[in-house]
Amino acid sequence: MKAIQFTGYGEVSKKVKTSEIVKPTISKDEVLIETYAASVNPLDIKVVEGKLKSVSNFKLPTTLGYDVSGIIIEKGENVPNFNIGDEVFSKVNRQGTFTEFVAVNQKLVSLKPKNTTFEEAASLPLVGLTAIQALKRGKLKSGESILIPAGSGGVGSFAIQYAKSIGAYVYTTTSSENVSWVKKLGADEVIDYKTVDYTAIVQDADMVLDTLGNEYTEEAFSVIKNGGKVITLVGPVDKETANRMKLNKITKLFLAFKRRKITKQIKQKSAFYSLVFMRANAKQLNEISELVESGTVKTKIDKVFPLKDTLNALLYVKKGRTKGKVVIKIK
Ligand SMILES: NC(=O)c1ccc[n+]([C@@H]2O[C@H](COP(=O)([O-])OP(=O)(O)OC[C@H]3O[C@@H](n4cnc5c(N)ncnc54)[C@H](OP(=O)(O)O)[C@@H]3O)[C@@H](O)[C@H]2O)c1
C-alpha cells in the first residue's frame with residue numbers, strides 16, 4: 001500500500017517520499033481502519049525537521065500523519081465496542097495516517113460525527129483534543145475572558161468555538177483577509193493584527209491560549225489580569241511539566257534557563273503558566289463528536305489534497321497561513 005514517509009531529519013521537500021509499505025496486521029486490541037481521509041498538522045512538519053527529536057524517537061523511514069477518518073474493516077478479538085463497517089475517526093500515537101490502512105488501538109478510536117464528511121472528520125482530532133485539553137488545563141469558566149491568538153488556525157478556530165460553548169468572552173487575532181469568516185466562529189472581538197495592536201485592546205484577561213510562541217508567550221503576560229493564566233502550546237517548558245517528563249538535571253537546568261524571562265513574568269503577575277502536550281483520548285474524541293453533531297463546533301477546511309500530493313500539502317501548511325485545516329483525501 002502507498003504511504004507518505006520521511007526518510008531522515010531535515011527539509012520537508014527533501015526528506016518526504018511516497019513509499020510502498022506492507023499493509024498492517026492488527027493485534028487483539030486493535031482495529032484496522034481503511035483510511036478515507038487524514039489531516040495535516042504543523043506537528044508533521046516539526047517531526048520531519050527534527051524539532052521533536054529530544055522527546056520522540058522515530059525508527060526511519062516512518063509514515064507521517066496523526067489524524068485519520070475511515071471505516072473499520074477488521075477488528076481484534078478483544079474489541080467489543082466497534083463493528084466492521086463503523087465509520088470512525090482517531091488521533092493515533094505512532095503509526096502514521098498518510099496511508100491506505102491504519103491499525104489503531106481501540107482506546108484511541110471514536111465513531112465519527114454523523115453530520116460530517118470523512119474529510120471534515122479527519123480535520124478534527126488533533127486540533128480538537130488540543131483545544132479541549134488546553135482550556136481544561138486552564139479551567140476556563142463561564143463568564144471568564146480568554147485571548148485565543150491565530151483564530152484562523154486549526155487549533156484557534158476550534159478553541160474559539162469551544163470557549164464560547166463554555167460561556168467565555170473570547171478575543172482573537174487574525175490578519176485582515178480572515179476577519180470576516182473568523183467572526184462567524186463566534187468570537188466576541190476579532191482583532192486584525194495587521195492594523196491594530198491587540199495588547200491595547202485585550203486587558204486583564206483571565207486566560208491566554210498561546211498558539212504562537214516566541215515573543216507572543218511573553219506578551220501574553222501583559223494582557224492577563226493579576227493571577228491570570230497563560231496556557232501555551234509552543235512556549236518554554238514549565239517547571240511542573242519538566243518534572244513530569246523525568247528529565248535529567250542538566251536538561252532541567254537548560255529548560256529553566258530558557259524560560260527565565262517567563263519565570264520573571266509569572267512572579268510579577270502571580271500567574272499560572274503551563275505547557276500542554278496534547279494526548280490521544282477517545283473520551284474527548286466522543287466529546288468532539290457531540291460538539292460537532294450538536295452544531296456547537298464547525299470545522300473549516302482550507303484545501304483538500306490527494307495522497308499523491310501530500311508533500312505539497314505539507315509545504316502549504318509550513319507557510320503558516322492556513323485558513324482552518326488542510327486535509328488529505330485518500331479514498
Ligand atoms: N503542544 C501541543 O500539543 C500542540 C498541539 C497542536 C498544535 N500545536 C502547535 O500550535 C501551533 C498552532 O497550531 P495550528 O494547527 O493552529 O497551526 P496552523 O493552523 O498552521 O496556524 C496557521 C494560522 O496561524 C495564523 N497566524 C500566524 N501568525 C499569526 C500572528 N502573528 N497572529 C495571528 N495569527 C497568526 C495564520 O493566520 P494569518 O494568515 O491570518 O496570519 C494561520 O491561519 C503550531 O505551532 C503547532 O505545532 C501544539
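# Ligand shell and salt bridges in a predicted model

The shell around the ligand is made up of twelve nonpolar, eleven polar and two charged residues. Here Ala, Val, Leu, Ile, Met, Phe, Trp, Tyr, Cys and Pro count as nonpolar, Asp, Glu, Lys and Arg as charged, and the others, Gly among them, as polar. This is a predicted model, in which local features need pLDDT of at least 70, side-chain atom pairs count only at pLDDT 80 or more, and totals for chains, interfaces and linings use all residues. Residues are numbered from 1 along each chain as its sequence is written, and side-chain values use heavy atoms, with hydrogens and water left out.

**The ligand and its surroundings**

- There are 25 residues around the ligand, and those that come nearest are Lys46, Ser175, Tyr193, Met278 and Thr322; a residue is near a molecule if one of its heavy atoms lies within 4 Å of it.
- Ser152 places a polar side-chain atom 2.8 Å from an oxygen atom of the ligand.
- For Thr174, the distance from a side-chain N or O atom to an oxygen atom of the ligand is 3.3 Å.
- The ligand taken alone exposes 930 Å², and the protein buries 87% of that; accessible areas come from the Shrake-Rupley method with a 1.4 Å probe, and for residues only the protein chains shown count as cover.
- Two or more residues of the shell come from each of helix H2 (42-48), helix H4 (125-137), helix H5 (154-166) and strand E10 (169-174); helices (H or I, at least four residues) and strands (E, at least two) are DSSP runs, numbered from the N terminus.
- The ligand lies between domain 1 (2-123 + 299-329) and domain 2 (127-275), because both give residues to the shell around it; the domain bounds come from an automatic or database domain assignment.

**Salt bridges**

- Side chains of opposite charge can pair when their charged atoms come close.
- The whole structure has 13 salt bridges, each a side-chain nitrogen of Lys or Arg within 4 Å of a carboxyl oxygen of Asp or Glu.
- One of them joins Lys329 and Glu119, whose closest N and O atoms are 3.4 Å apart.
- Lys329 is in strand E16 (residues 325-329) and Glu119 in helix H3 (residues 118-122), so this pair ties together parts that are 210 residues apart in sequence.
- Lys329 is partly exposed at 39% relative accessible area, whereas Glu119 is buried at 16%; buried means under 20%, exposed over 50%, and partly exposed in between (1.4 Å probe, protein chains only).
- Lys323 and Glu177 form another salt bridge, with the closest N and O atoms 3.3 Å apart.
- Lys323 sits in the loop between helix H13 (310-318) and E16, and Glu177 in the loop between E10 and helix H6 (179-183), so the pair ties together parts that are 146 residues apart in sequence.
- Lys323 is partly exposed at 23% relative accessibility, and Glu177 is exposed at 61%.
- A network of salt bridges links Glu49, Lys51 and Lys318.

**A buried threonine**

- Thr35 is in strand E3 (residues 30-40) and counts as buried, with 1% relative accessibility.
- The side chain of Thr35 reaches the backbone oxygen of Thr99 at 2.9 Å.

How values were computed: A polar contact is a pair of N or O atoms within 3.5 Å; within protein, one must be able to donate a hydrogen and the other to accept it, and residues adjacent in sequence count only if both atoms are side-chain atoms.
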